[in-house]
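The points are grouped by topic.

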Amino acid sequence: MSDIELPEHRFLRNFDFMLLAITLTLCALGVTVIYSSNLQSDSEFMRSLYIRQLYWVGISLVAMSIVIWIDYRLIERMAYPLYFFGVGCLAAVGFSGRVIGGSQRWLSVGGFNIQSSEIMKIILIILIARIFDDMRKEGDLGVLDLAKPLIFTLIPFAIVARQPDLGTAMIFIIVFGCMAFFNGIQRRIIIWTAGISAFLAPVSWFMLKPYQQERILTILNPDADPMGHGYQMIQSKIAIGSGGLWGKGIFEGTQSKLNFLPAKHTDFIFSVFAEEAGFVGAMIFITIFFFFLMRLLEIVLHARDKFGSLVVAGILCMITFNFFYNLGMTLGLFPIVGIPLPFISYGGSSLLTNFLGIGLALNISVSRYKLG
Amino acid sequence: MLRPRTEWESFIKHRKSMGPIFTALVGVAFVIVTLRLWHLQIVQYSSLADRAENNRVRQMTLDGRRGKILDRNGFPMVDSRPSFQLSLIPEDVDNPRETLDFLRRRVDFDVDSTLDKMRHSPSFQTIVIKKDIDREDVAFVEENRLDLPGVFLEVKAWRNYIFGQEASHILGYLGAISSAQLAKAPKSVYSMDDFIGQYGIEKVHERTLRGAKGYKRVEVDAAGRELALLEVIRPKSGHDLRLTIDFTTQTAAERAFEGKMGAAVAIDPNNGDIIAALSKPGFDPNVFAHGISGDSWKKFIQDEFHPLQNRITRGQYPPGSTFKIIMAAAALEEGIVSPETTIYCPGHYRLGQRTYRCWKKAGHGSMNLTSALIQSCDVYFYTVGLRLGIDRIAKYAKMFGLGKRTNINLGAESPGLVPSTDWKKKARGKPWIMGETVSCSIGQGYNLVTPIQQAIMIAAIANGGKLVTPRLVNSPRPGTGDRPGANPKSVSVSPDTISVIRNALRLVVTAPHGTAWRIKNGPYSYAGKTGTSQVVRMKKNETSDIEEIKFKHRDHALFVGFAPFDDPKIAVAVIVEHAGHGGEAAAPVARKIMDAYLQKINVPPSTPQITGHVTDKSVLPMENPL
């Protein structure tokens with residue numbers, strides 16, 4: 001064995017193939033379920049959605065490859081310009097964005113509709129990591145230390161919440177909270193935050209829009225309004241439950257094929273999968289996802305610098321939160337908000353975002369043994 | 001760029017502690033998700049799978065064709081024809097007001113009440129806009145499908161009472177099933193919006209007519225479109241019901257009754273088959289058969305002449321002089337009189353302080369049984385009645401089927417009333433008074449009969465003493481018809497007695513003073529007895545309308561008779577309310593009914609009358625008695 005190693009060899013030796021393999025497996029599963037859910041649709045467009053998703057997988061892989069090869073310290077340096085670019089895009093959506101499903105979320109760029117709030121998640125993670133890294137502070141952060149990143153978080157939060165897309169807006173806050181916690185904050189901040197949240201919860205109830213309130217109430221009793229807000233929830237539970245132990249078989253789900261399940265290829269794609277694959281399939285799926293998360297955690301714990309570690313931690317939080325919230329929603333445990341299932345749900349923006357995240361994670365994982 | 005060693009080390013130390021925390025949190029979430037999946041997919045599996053199946057599969061009821069109701073010759077009186085029903089499903093209608101207004105341009109219906117129904121029922125439930133729409137409307141809806149989202153046409157069987165009011169009380173009608181009926185019926189047989197027989201034959205023979213429902217299970221999508229047929233159980237048609245009614249005779253009876261109130265029953269005296277029966281005023285069953293409005297129903301219920309009452313079986317009338325037939329039978333059988341015994345009629349009869357008038361003030365003079373029947377002498381029967389006593393009169397009245405239900409299979413029936421000393425003690429708590437026997441002897445007083453009882457009674461005279469059971473359905477299928485009238489009970493009256501009475505009743509028509517002389521010139525040999533029954537008087541100040549008082553006070557005209565005399569084929573009982581004398585108002589109606597039937601069954605007209613007004617042109621057989 002030689003002490004001298006070519007960079008290419010070192011890359012191949014350190015590259016986390018397992019993570020990439022799991023990611024691609026999830027994507028393949030997603031495309032299959034998207035295909036299945038619209039199999040019997042009248043609309044040619046709906047039936048071909050899985051092909052569009054494949055295109056997006058291709059675009060995302062290209063984007064991911066680029067991210068892998070860039071020195072991530074360059075990305076760290078670009079954090080502020082990226083942030084202002086992202087906020088600019090978000091603001092632009094407010095004026096020229098296309099209206100889909102009643103809220104302004106989309107930015108149309110060269111024929112592709114991109115949900116800028118999705119890309120903003122990654123940008124925000126990079127910026128927060130940069131800010132924490134810049135602090136060079138030993139020990140836990142205090143209230144004043146958190147003020148700056150919090151303000152940078154609240155700006156996109158406010159814009160996105162106004163669209164209104166509470167689901168995505170919520171994730172900005174969650175990501176910020178998780179990254180701060182991961183970086184280490186003073187215990188009293190945690191206690192105060194918990195206290196204030198408990199106090200504010202009833203107050204904030206009255207600040208929600210009526211439809212948002214109804215969605216929350218629906219959780220408690222979906223059967224109260226079976227044709228209205230409870231409909232999605234009831235149909236999702238019926239789809240999952242009717243799958244039973246072994247499922248109805250791939251491409252055999254009736255709840256999705258016959259359109260009883262709304263948003264079946266996006267937010268409720270897990271219901272389609274669980275109907276067709278049953279309890280066994282669902283367990284295999286979440287087990288794979290569990291390993292996927294553990295893999296990312298490995299990278300977080302072994303990144304060679306603070307920025308890298310924080311970035312991957314942010315990405316991990318984002319994906320974890322998306323994953324469990326989406327499952328909880330389809331299982332009738334959480335209110336329905338537009339949060340897709342990472343790598344599975346149809347949607348280019350969210351797929352691209354997650355792949356960019358994985359790209360960054362792979363980049364940081366490869367660089368783990370690089371000398372500074 | 002070198003960093004202070006301590007800062008990096010403290011970060012590493014901190015992040016190491018984050019690993020287990022993160023793993024634990026994810027683990028908890030993992031466990032919660034697993035438990036929830038277990039709960040839904042394993043614990044609640046069967047109920048949720050059922051709900052998925054209910055989503056997917058729509059079970060549709062297929063109604064069996066309801067049997068037709070035919071006359072005795074197979075001529076349809078009630079059938080079901082296909083009709084188009086205009087319906088909508090609220091959730092598929094994007095803009096209700098606009099859609100309905102568009103529809104209203106062609107189809108006549110109430111937009112506001114439809115909108116109101118849409119607001120008050122679940123969005124997925126079909127709402128009927130209009131039933132039985134005409135062809136132009138169907139064409140309009142078909143052509144403008146695209147402008148009428150959510151609106152669709154359904155083909156429904158439409159019960160059709162072909163001749164409207166004719167025989168309405170016999171045929172009956174369909175009505176929406178009541179919640180009480182629904183609760184009683186087996187689940188598979190009826191459902192909420194079903195129409196079932198609620199009256200008449202339609203009700204009594206519901207089981208035979210209705211057939212059995214079928215089902216169609218189809219796979220539907222969320223928009224309710226049928227994607228695949230999963231299973232079909234074909235409905236079974238109901239059985240046609242053949243009545244004993246002869247449509248021609250029925251129509252003749254209906255025409256003869258035009259503008260009159262009352263009832264008529266024509267019966268085959270040999271087997272009890274009802275040839276025609278009507279009750280007036282009547283109603284059009286078509287009005288009921290598809291859901292009657294509250295207002296129309298109220299109008300029927302509040303009508304002072306009770307069009308919904310079936311007078312054939314529920315109308316109770318004093319029999320008047322037709323009761324003298326019973327009196328004659330009783331008197332001869334009990335040996336009170338012989339056919340030759342004469343009783344003098346001075347025009348009145350004294351009993352104690354009271355004087356009872358004969359209808360002929362001048363008196364009939366010397367009367368025997370035959371002449372007393374011919375001229376309907378009251379005094380003769382007062383005398384005979386007092387000698388018999390009320391209980392012996394009651395015995396014979398009951399023997400001829402009066403005072404009890406005839407068991408005609410047509411729903412509720414009134415028993416009528418044959419008074420006796422026992423009856424009065426029980427019902428009124430008072431002893432019988434002699435004077436009451438006097439009025440009962442001429443069919444007044446407490447006596448009450450129904451037209452169907454009258455028909456059975458006269459049939460027994462016609463057929464030589466057999467009490468037939470009336471029958472309305474003549475079906476070759478066993479178990480679906482009425483009880484066969486094959487073995488009629490014999491009245492325990494000697495053939496001689498019957499013969500005397502029969503001959504007398506023939507003379508009622510043919511003798512110069514016979515009360516039914518008006519029909520003697522008809523083409524057949526009729527026999528019968530007229531009657532005029534007094535209507536219970538109203539207090540004079542009860543109403544201010546003089547015409548109405550007069551009408552209500554007018555006597556009922558009755559006639560019971562049969563023809564041809566030698567071989568009776570038809571016996572008839574007619575009651576025309578508030579029409580005056582039986583001979584004048586009821587006998588001609590009865591004749592028309594008998595003529596129609598006898599002509600129909602090709603009975604040759606009888607030879608010119610024995611009384612010999614040969615020169616009278618009206619003696620010649622009529623070409624068209626209708």
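This is a predicted model: local features need pLDDT of at least 70, side-chain atom pairs count only at pLDDT 80 or more; totals for chains, interfaces and linings use all residues.

**Charged pairs and chain form**

Asp134(A) is partly exposed, its relative accessible area being 33%. Over all chains, a search of the whole structure finds 34 salt bridges.

**A pair within a helix of chain A**

- Helix α7 of chain A (residues 116-135) holds both Asp134(A) and Arg130(A), which are four residues apart, about one turn of the helix.
- Arg130(A) has a relative accessible area of 18% and is buried, because buried means under 20%.

**A pair between loops of chain B**

- Arg65(B) and Asp240(B) form a salt bridge in which the closest N and O atoms are 3.5 Å apart.
- Arg65(B) is in the loop between β1 (57-62) and β2 (69-70), and Asp240(B) is in the loop between β9 (226-233) and β10 (241-242), so the pair ties together parts of chain B that are 175 residues apart in sequence.
- Arg65(B) is partly exposed at 34% relative accessible area, and Asp240(B) is partly exposed at 33%.

- Asp595(B) forms a salt bridge with Arg591(B), with 2.8 Å between the closest N and O atoms.
- Both Asp595(B) and Arg591(B) lie in helix α23 (residues 582-600) of chain B, four residues apart, about one turn of the helix.
- Asp595(B) is buried, with a relative accessible area of 0%, and Arg591(B) is buried as well, with 13%.
- Elsewhere, Arg66(B), Arg159(B), Glu202(B) and Glu206(B) are joined into one network by salt bridges that share partners.

**Overall form of chain B**

- Chain B contains 23 helices and 21 strands.
- Its radius of gyration is 36 Å, whereas the globule rule gives 25 Å for 626 residues, so chain B is more spread out than a compact globule.
- The C-alpha trace of chain B spans about 155 × 55 × 55 Å along its principal axes.
- Among contacts in chain B with a separation of 6 or more, 72% are between residues 24 or more positions apart.

- Buried residues make up 52% of the 626 in chain B.
- Chain B exposes about 29,900 Å², of which carbon and sulfur atoms supply 52%.

Technical notes
Residues are numbered from 1 along each chain as its sequence is written. Chains are lettered from A and ligands numbered from 1 in the order in which they are written. Side-chain values use heavy atoms; hydrogens and water are left out. Helices (H or I, at least four residues) and strands (E, at least two) are DSSP runs, numbered from the N terminus. The radius of gyration is taken over C-alpha atoms; the globule rule is 2.2 Å times the number of residues to the power 0.38. Buried means under 20% relative accessible area, exposed over 50%, partly exposed in between (1.4 Å probe, protein chains only). Contact means heavy atoms within 4.5 Å. Accessible areas come from the Shrake-Rupley method with a 1.4 Å probe; for residues, only the protein chains shown count as cover. A salt bridge is a side-chain nitrogen of Lys or Arg within 4 Å of a carboxyl oxygen of Asp or Glu.
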